[in-house]
Amino acid sequence: MDSADRNLATKARELSLSAFGVFPDIPFSFNSRLKRVLGRLVYSKSREMLTPLRIEISSSISDNEELLKKTLLHELSHFYLMMNDRDFSHNSPEFRKLSQELGFDIVAEYEGLPVHIWVCSVCKRTVAISFNRRRKNGLSSCCKAPIELQEK
Ligand SMILES: [Zn+2]
Ligand SMILES: [Zn+2]
């Protein structure tokens with residue numbers, strides 16, 4: 001576990017303690033491959049048994065304090081509803097209630113967020129997502145070509 005993941009776990013435990021009154025018994029890590037969602041609860045399913053495995057947060061929001069906090073509360077809400085055999089989906093009335101009480105968005109996706117998507121200038125594949133327009137240099141790993149802002 002690297003230090004960024006350790007900090008993430010510490011933050012998640014603090015948030016969980018203040019919002020739910022308990023420490024979450026689950027690992028937390030940043031995942032740089034999460035491009036479409038801000039975070040996710042990874043779980044296994046065998047027969048009717050759901051077992052939460054870990055919570056992953058997109059690396060792209062590691063510096064965005066406010067969004068990171070909201071995303072952790074969002075994923076923790078899925079986690080606790082699952083642990084208590086409740087409906088943990090986005091349509092669940094309990095999930096919606098938690099989102100209002102704790103102040104996070106129900107859909108933790110990039111859609112609707114002011115993000116900038118950088119693509120490979122040759123094959124147009126997404127290479128990076130950022131919250132500012134600061135120029136990104138470097139070549140894409142796919143085609144070794146310059147990267148550019150995706151046209152909306
Ligand atoms: Zn969700
Ligand atoms: Zn390419």
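User: Which residues coordinate the zinc ion (ligand 1)?
Analyst: This is a predicted model, in which local features need pLDDT of at least 70, side-chain atom pairs count only at pLDDT 80 or more, and totals for chains, interfaces and linings use all residues. Residues are numbered from 1 along each chain as its sequence is written, chains are lettered from A and ligands numbered from 1 in the order in which they are written, and side-chain values use heavy atoms, with hydrogens and water left out. Donors are N, O and S atoms within 2.8 Å of the metal (3.2 Å for Na, K and Ca), and sites may look incomplete because water is not among the atoms. At 2.0 to 2.1 Å, the zinc ion (ligand 1) is coordinated through NE2 atoms by His 74, His 78 and His 90.

User: Is His 78 buried or exposed?
Analyst: Buried means under 20% relative accessible area, exposed over 50%, and partly exposed in between (1.4 Å probe, protein chains only). The relative accessible area of His 78 is 10%, so His 78 is buried.

User: How are the rings of Tyr 43 and Phe 88 arranged as a pair?
Analyst: Rings of Phe, Tyr and Trp (its six-membered ring) pair if their centres lie within 6.5 Å; planes under 30 degrees apart count as stacked, over 60 as edge-to-face and the rest as tilted. The centres of Tyr 43 and Phe 88 are 5.6 Å apart and the planes stand at 85°, so the pair is edge-to-face.

User: Which residues form one aromatic cluster?
Analyst: Phe 79 and Tyr 80 form an edge-to-face aromatic pair, at 5.0 Å centre to centre and 65° between the planes. Both Phe 79 and Tyr 80 are buried. The cluster is formed by Phe 20, Phe 79 and Tyr 80.
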